[in-house]
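Please find below a set of numbered remarks on the structure under review.

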Amino acid sequence: MLQHERHAEIVRRLRAEGTTEVRELARSLKVSSSTVRRDLAQLDREGTLIRVHGGAHVADDVDERMPFAAVAARDTADKQAVARRAVELVADGDVVLLDVGTTAMYLAQLLMCRRITVITGNLAAFDVLREAENIELILLGGLVRRPYHSLVGVLAEDALRQVSADIAFLSTSGVRPDGQILDTTLVEVPVKRAIVAAAKKKRAAGGPTQIFPAPAPCGFVEPLTST
């Protein structure tokens, strides 16, 4: 199991079980206790979880504290402007990958009349497109993150390895000036990496408040390519 996969699994287990001891994580992940301690120390530095004696518990997730509807209602004009620009990049017949997030939901609204294929783990975008008979709609599998209407985990990642898209639109917690895409929610990062790998073209869908001039406490996803 790769490090980012271990980190996502650790966070998943902590969300499900609460505080967990190092030896229990080591046994379930089939790694040494020292490896788990290093993983927990890194996740603690990133603010994803909180280390306690002998184990850890998960830190609050901003997505858990703010419902999807509340996020969707913020910066609406900016998100809709991004969506209008994004839809211009989609041609009829394209296979489009939509990431999670509220901007992708607004983009889905603009894609309803297009003859395209959409692949997504974004349940809000799925709800928008489910009745559009002109769209071939593919819903990824995975664990449901109810507060953010998304599908995550190994099932979503495995499904993405089976598909190929012409263009993907990635949600972000931020983009650095050098093009690095960042995300504060560790459980979403492996899915975003799989989206990047599955698409010929990648575009970040974010507003002006998501540009970081310096390193921020986010999980690194992937440099934004120029393709």
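1. In this predicted model, the largest cavity has a volume of about 50 Å³. Under the rule applied, cavities of 30 Å³ or more number 2.

2. The lining of the largest cavity consists of Leu97, Leu98, Asp99, Val100, Ile119, Thr120, Gly121, Asn122, Leu140, Leu151, Val191 and Ile195. Sorted by class, these residues comprise 8 nonpolar, 3 polar and 1 charged. Three elements each contribute at least two lining residues, namely strand S4 (95–98), strand S5 (117–120) and helix H10.

3. Helix H10 deserves a separate remark. Spanning residues 189–198, H10 has 8 of its 10 residues buried, so this helix is largely enclosed by the rest of the structure. The buried positions are Val189, Pro190, Val191, Lys192, Ala194, Ile195, Val196 and Ala198. Val191 and Ile195, both in this buried group, also belong to the lining of the largest cavity.

4. Turning to the open sites, the second largest pocket has a volume of about 230 Å³. It is lined by 13 residues, of which Glu9, Arg12, Gly153, Val154 and Glu157 lie closest to the pocket centre. By class, the lining of this pocket divides into 7 nonpolar, 2 polar and 4 charged residues.

5. Which helices each supply at least two residues of the lining of the second largest pocket? They are H1 and helix H9 (154–160). The largest share, 4 residues, comes from H1.

6. Helix H1 (residues 3–17) also packs against helix H3 (residues 33–45): the two axes come within 11 Å and cross at roughly 75°. An angle from 65 to 115 degrees counts as roughly perpendicular, and H1 and H3 are therefore roughly perpendicular to each other. The contact is made by Gln3, Arg6, His7 and Ile10 on the H1 side, and by Thr35, Asp39, Leu40, Gln42 and Leu43 on the H3 side. In terms of class, the residues of this contact are 3 nonpolar, 4 polar and 2 charged.

7. Arg15 lies in H1 and is partly exposed, its relative accessible area being 34%. From Arg15 to His57 the C-alpha to C-alpha distance is 8.1 Å, although 42 residues separate the pair in sequence.

8. Arg37 is located in H3 and is likewise partly exposed, with a relative accessible area of 43%. Leaving aside residues up to four places away in sequence, Arg37 touches Val22 and Arg51. Arg37 and Arg51 are 14 residues apart along the chain, and their C-alpha atoms are separated by 9.4 Å.

9. For the chain as a whole, the secondary structure amounts to 10 helices and 13 strands. The chain has 227 residues, of which 48% count as buried. Among contacts with a sequence separation of 6 or more, 59% are between residues 24 or more positions apart.

10. H10 is largely enclosed by the rest of the structure and supplies at least two residues of the lining of the largest cavity.

Terms used:
Residues numbered from 1 in each chain as written. Predicted model: local features only at pLDDT ≥ 70, side-chain atom pairs only at ≥ 80, totals over all residues. Heavy atoms only, no water. Axes fitted to C-alpha atoms, helices over the stretch in contact; angles between N-to-C directions. Parallel < 35°, antiparallel > 145°, perpendicular 65-115°, else oblique. Contact = heavy atoms within 4.5 Å. Nonpolar A, V, L, I, M, F, W, Y, C, P; charged D, E, K, R; others polar. 1 Å grid on protein atoms, 1.4 Å probe; cavity = no way out; pocket = protein on both sides within 12 Å on 5 of 7 lines; lining within 4 Å. Points joined across faces, edges and corners; volume = space filled by probe spheres on them. Buried < 20%, exposed > 50% of the residue type's maximum accessible area, 1.4 Å probe, protein only.
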